Structure formats: C-alpha cells, structure tokens
Amino acid sequence: AMRFKAKLSRHQATTLQNLIGTSLSPRIAHDGICHLSPSHLRLSVRGTGSPASRFAGGAATALSQSQSSTEGISAFVELDASLLFTEMRIQSAADDNIVFAVNISQWRGALASVASAAPGGRKRPRGVVPGISDDGGAIVMKLAKRAGDSPCLVIESAAVVGYAGVDVSQAIPVAIMRAEEMARHVPPALGEADVQVEISGGGEGGGRSLPPLPMKVVVDRMRGFGP
C-alpha cells in the first residue's frame, strides 16, 4: 500500500509555497515531478516545450519517456523532510519512495489558500468545536483518492474564526509514477559553485521574530548580477 501524510506549521507551508513560486516562470511549464522519500522532498520542473504531465478534466496522464526527455531541467528543488515537516508518515513498495506528476501552480495556490486560513500558532479553544482536533493550526498534506477514485494531493487545515470551526481543504489531481522514473528528472551533477548564498530563517527585530524573506524576492533582486 502507498501512504503519505505529513503535518506542516503555517511557516513551513509558506516556505514551501515560496519555493514553489520561485520555480514558476513564463518560460517554465507549470507541471512538475515530485519525489517524496523519508529524508527529502524533491521537485523537478522542465521547460515549456515538454511539461511533465497534462491535467484535463481532473484526470492526470504522465507523458511518455520520449516526450519527457526532449528538454533539460529548468528548475530543481531539494528540501530536507525533517525541516519541512513537523511530522511525516510515508510508505510504499519502492523502499518508501513516492513519485508523482503535479501541477505546481495549483499546488502553490492550494498552499496559499490553506496557509492563510490556518491560525498561526493560535490554539483552538478546547471543547468549543467538537470533532475538530486541537493541534494549534497544523496543516496536513497527504495523498488520497477523491471523486472518481483519482489520486490527489490533499492539503487541509482546521481554522478557527471566532468560535466557529472552518475546515479548509484543497485537492490537486496527481499522476502516480514509478519510483525509478525520477532518475530522468534530476539535474546533472555539478561541481561546487563559485558563489553560494545562505539565507537565514528570519532574524530578531524589536523583540519579535521577523518573517523570512520570500525566495522569489531574493532571486528577482539578484537577476541583475547575472552575465
């Protein structure tokens, strides 16, 4: 059986949303390949000439190997699962590796919608809304089947508005792929970069923690330094 379920804080969900947004460009297809493992989340995106998948009417169909190899990798992200998720459970017959094609524009939009509804670190009043767990606004991301028995990446959160409980859920259709197919969607091995940029997770200002600078803002400001 294949299972994936993880919990993210609002901050972690926003970080993932920003990283996915950095890979979006008019020159890049909005379909990507996601690889989940017990240690990492990897996202690979190709150029617009060869999107990784097509989504029509809620059904996802991965392209053939010949189509997926016509252009190089346009964007690639690798994230440490222990930093991205507060909890994670993953299981598959392929040594707990799961690979699927997903529309990253829809993924980013779903994260933005759910993260904006989640109460950032605010505890739900106990006993006020029966049937909704009191987890401090944790966001859940999981693989599940929805209408028509189609696999979806589901992102959900239970938000509190006053004393009312509001469940926010977004389901994005995905195409499950064989784990070994990820080998065709990784960038070539490169040597150490001449210049490396390290961005902290936010600093202290006026006695409060400052939010991290969105990656897209940093990348946009550094475009002028390119050749």
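Among contacts in the chain between residues at least 6 apart in sequence, 66% join residues at least 24 apart, where contact means heavy atoms within 4.5 Å. The structure is a predicted model, in which local features need pLDDT of at least 70 and side-chain atom pairs count only at pLDDT 80 or more, while totals for chains, interfaces and linings use all residues. Residues are numbered from 1 along each chain as its sequence is written, and side-chain values use heavy atoms, with hydrogens and water left out.

The secondary structure of the chain comprises 5 helices and 13 strands; these are DSSP runs numbered from the N terminus, with helices (H or I) of at least four residues and strands (E) of at least two. Of the 227 residues of the chain, 38% count as buried. Here buried means under 20% relative accessible area, exposed means over 50%, and partly exposed lies in between, with a 1.4 Å probe and protein chains only.

The description may start with strand S1, which spans residues 3–8. One face of S1 is covered and consists of Phe4, Ala6 and Leu8, whereas Arg3, Lys5 and Lys7 form the uncovered face. S1 is joined to strand S7 (residues 87–91) by 5 bridges, and the two run antiparallel; strands are said to pair if DSSP finds at least two bridges between them. Within this pairing, alanine 6 is placed opposite methionine 88 of S7. S1 also pairs with strand S9 (residues 139–146), again in the antiparallel sense, over 4 bridges. Leucine 8 has isoleucine 139 of S9 as its bridge partner, and lysine 5 stands opposite lysine 142 of S9. Strand S9 is itself mostly covered, with 6 of its 8 residues buried.

The next topic is helix packing. Two packed helices are described by the angle between their axes and the distance between the axes. The axes of helix H1 (residues 10–22) and helix H4 (residues 104–117) come within 9 Å and cross at roughly 155°. Axes are lines fitted to C-alpha atoms, for helices over the stretch in contact, and angles run from 0 to 180 degrees between N-to-C directions. H1 is therefore roughly antiparallel to H4, since angles over 145 degrees count as roughly antiparallel, under 35 as roughly parallel, 65 to 115 as roughly perpendicular and the rest as oblique. The contact involves Arg10, Ala13, Thr14, Leu16, Gln17, Ile20 and Gly21 of H1, together with Ile104, Trp107, Arg108, Leu111, Ala112, Ala115 and Ser116 of H4. By class, the contact of H1 with H4 has 8 nonpolar, 4 polar and 2 charged residues. In this classification Ala, Val, Leu, Ile, Met, Phe, Trp, Tyr, Cys and Pro count as nonpolar, Asp, Glu, Lys and Arg as charged, and the others, Gly among them, as polar.

Most residues other than glycine have a negative phi. Aspartate 95, although not a glycine, has a positive phi of about 55°, and the phi of aspartate 96 is also positive, near 60°. Aspartate 95 lies in the loop between S7 and strand S8 (98–103), and aspartate 96 lies in the loop between S7 and S8 as well. Aspartate 95 is exposed, with a relative accessible area of 68%, whereas aspartate 96 is partly exposed at 27% relative accessibility.

Two further residues illustrate links across the sequence. Asparagine 103, found in strand S8, counts as buried at 13% relative accessibility. Asparagine 103 and isoleucine 33 are 70 residues apart in sequence, and their C-alpha atoms are 8.7 Å apart in space. Aspartate 80 belongs to strand S6 (residues 73–80) and is partly exposed, with a relative accessible area of 36%. The C-alpha atoms of aspartate 80 and histidine 40 are separated by 4.7 Å, although the two residues are 40 residues apart along the chain. Leaving aside its neighbours within four places in sequence, aspartate 80 is in contact with Ser39 and His40.
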